[in-house]
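Please read the briefing below alongside the sequence and the coordinates.

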Amino acid sequence: MRQSEKDLLWAYMYNNYVRLESNLNTLQNNIRFRRIDVADCMEYICALQEFETFKEVTKHIRILLKFEESGCIDDNSEK
């Protein structure tokens, strides 16, 4: 894999991590600061599952490709 392809993949993982985390924070704030219903809870659960799945898949990709770069995608939160 060329360095430019690695950089592109890393940027993709970073940008999606930030987007999913931001979405999760927004939904969490909505639950905290307004009257919630079942749909709000389900939306939060789905977003949380999507974020956790993304972190797991990107962790496996980084292991397979031997990415050693440090970034926002933190494996320590899962331990």
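**Briefing on the predicted model**

The largest cavity is lined by L27, N30, I31, R34, I36, D40, E43 and Y44, where a cavity is, on a 1 Å grid over the protein atoms alone, a set of points where a 1.4 Å probe fits but cannot get out, and lining residues have an atom within 4 Å of a point. The structure is a predicted model, in which local features need pLDDT of at least 70 and side-chain atom pairs count only at pLDDT 80 or more, while totals for chains, interfaces and linings use all residues. Residues are numbered from 1 along each chain as its sequence is written, and side-chain values use heavy atoms, with hydrogens and water left out.

- A search of the whole structure finds one cavity of 30 Å³ or more, and the space in the largest cavity comes to about 40 Å³, a volume being the space filled by probe spheres set on grid points that are joined across faces, edges and corners.
- Helices α1 (3-33) and α2 (38-65) each contribute at least two residues to the lining of the largest cavity; helices here are DSSP runs (H or I, at least four residues), numbered from the N terminus.
- Sorted by class, the lining of the largest cavity holds four nonpolar, one polar and three charged residues, with Ala, Val, Leu, Ile, Met, Phe, Trp, Tyr, Cys and Pro counted as nonpolar, Asp, Glu, Lys and Arg as charged, and the others, Gly among them, as polar.

**Charged contacts**

- Side chains of opposite charge can pair when their charged atoms come close. The count is three salt bridges, each defined as a side-chain nitrogen of Lys or Arg within 4 Å of a carboxyl oxygen of Asp or Glu.
- R34 and D40, both named in the lining of the largest cavity, meet through their side chains in a salt bridge of 2.8 Å, N to O. R34 is partly exposed at 43% relative accessibility, whereas D40 is buried, with a relative accessible area of 13%; buried means under 20% relative accessible area, exposed over 50% and partly exposed in between (1.4 Å probe, protein chains only).
- The side chains of E52 and K55 form another salt bridge, at 3.5 Å from N to O. These two residues, E52 and K55, are three residues apart in helix α2, so about one helical turn separates them. E52 is partly exposed, with a relative accessible area of 34%, while K55 counts as buried at 7% relative accessibility.
- E5 and R2 are joined by a salt bridge in which the closest N and O atoms are 3.5 Å apart. E5 is partly exposed at 34% relative accessibility, and R2 is exposed, with a relative accessible area of 56%.

**Aromatic contacts**

- The count is two aromatic pairs, taken as rings of Phe, Tyr and Trp (its six-membered ring) whose centres lie within 6.5 Å, with planes under 30 degrees apart counted as stacked, over 60 as edge-to-face and the rest as tilted.
- One of the pairs is formed by Y17 and F51, whose ring centres are 5.2 Å apart and whose planes stand at 55°, so the pair is tilted. This pair links distant parts of the chain, with Y17 in helix α1 and F51 in helix α2, 34 residues apart.
- Y17 is buried at 7% relative accessibility, and F51 is likewise buried, with a relative accessible area of 6%.
- The C-alpha atoms of F51 and N16 are separated by 9.2 Å, although these residues are 35 residues apart along the chain.

**Cysteines**

- The count of disulfides is zero, a disulfide being a pair of cysteine sulfur atoms within 2.5 Å.
- C41 is partly exposed at 31% relative accessibility, and C46 is also partly exposed, with a relative accessible area of 47%.
- C46 belongs to helix α2, and its C-alpha atom is separated by 9.5 Å from that of L24, which is 22 residues apart from C46 along the chain.

**Backbone**

- Most residues other than glycine have a negative phi. K66, by contrast, has a phi near 55°, a positive value in a residue other than glycine.
- K66 is found in the segment after α2 and is exposed, at 63% relative accessibility.

Notes. On a 1 Å grid over the protein atoms alone, a cavity is a set of points where a 1.4 Å probe fits but cannot get out, and a pocket is an open set with protein on both sides within 12 Å along at least five of seven lines; lining residues have an atom within 4 Å of a point.
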